[in-house]
Amino acid sequence: MNKIIIQGCDISTREELYNVFHRQLGLEKLYFENLDTLRDGLMWHVPVPITVEWTHYTVCRYALGAYADQVLNVFYEVQEQLEELFTFRLKF
């Protein structure tokens with residue numbers, strides 16, 4: 001099983017978040033046009049099974065505002081759809 005860690009304390013812009021997704025998940029830029037394309041990228045173009053852990057979420061949330069919550073919801077939706085193939089963990 002693959003595991004990636006998103007270090008929220010290292011993210012202060014959307015672009016930095018997208019760069020993490022690109023480097024660690026292999027998602028191309030076209031999956032960052034909106035939250036729907038991000039969801040599609042996570043569901044169909046990330047090798048599974050995978051565990052995604054987002055640490056220092058509150059720091060990232062402070063920097064990105066409500067957008068961080070929207071991305072968080074996408075992760076939870078993908079986890080619900082893919083069940084045991086996609087595990088998401090949030091660490092404050």
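Mentor: This is a predicted model. The open sheet has three strands, ordered β1-β2-β3, with parallel pairing.

Trainee: Which strands stand at the edges?

Mentor: β1 (2–7) and β3 do. Each has a single partner strand, so one side of each is left without a neighbour in the sheet.

Trainee: What does the twist average from one strand to the next?

Mentor: The average is 15°.

Trainee: And how many bridges join β2 to β3?

Mentor: Five, and the two strands run parallel. As an example of a bridge partner, V52 has F88 in β3.

Trainee: What does α4 touch in the sheet?

Mentor: α4 packs on the sheet and touches β1, β2 and β3. The direction of α4 makes about 145° with that of β3.

Trainee: Switching to helices. At what angle do α2 and α4 pack?

Mentor: About 35°, with the axes of the two helices 10 Å apart. Here α2 covers residues 35–44 and α4 covers residues 66–82.

Trainee: Why quote both an angle and a distance?

Mentor: Because two packed helices are described by the angle between their axes and the distance between the axes.

Trainee: Is the crossing of α2 and α4 left-handed or right-handed?

Mentor: Right-handed.

Trainee: Which residues in α2 meet α4?

Mentor: L35, L38, R39, L42 and M43. On the α4 side, the residues they meet include Y67, V71, V74, F75 and V78, and also Q70, E77, Q81 and L82.

Trainee: How does that contact split by class?

Mentor: The contact of α2 with α4 has ten nonpolar residues, two polar and two charged.

Trainee: What is the phi of H56?

Mentor: Positive, about 50°, although H56 is not a glycine. H56 is in the loop between β2 and α3 (57–64).

Trainee: What about the phi of E83?

Mentor: E83 has a positive phi of about 50° and is not a glycine. The loop that holds E83 is between α4 and β3 (86–90).

Trainee: Is E83 buried or exposed?

Mentor: Exposed, with a relative accessible area of 52%.

Terms used
Residues numbered from 1 in each chain as written. Predicted model: local features only at pLDDT ≥ 70, side-chain atom pairs only at ≥ 80, totals over all residues. Heavy atoms only, no water. Axes fitted to C-alpha atoms, helices over the stretch in contact; angles between N-to-C directions. Helix = DSSP H or I, 4+ residues; strand = E, 2+ residues; numbered from the N terminus. Left-handed = near helix turned anticlockwise from the far one by under 90°. Contact = heavy atoms within 4.5 Å. Nonpolar A, V, L, I, M, F, W, Y, C, P; charged D, E, K, R; others polar. Buried < 20%, exposed > 50% of the residue type's maximum accessible area, 1.4 Å probe, protein only. Pairing = 2+ DSSP bridges.
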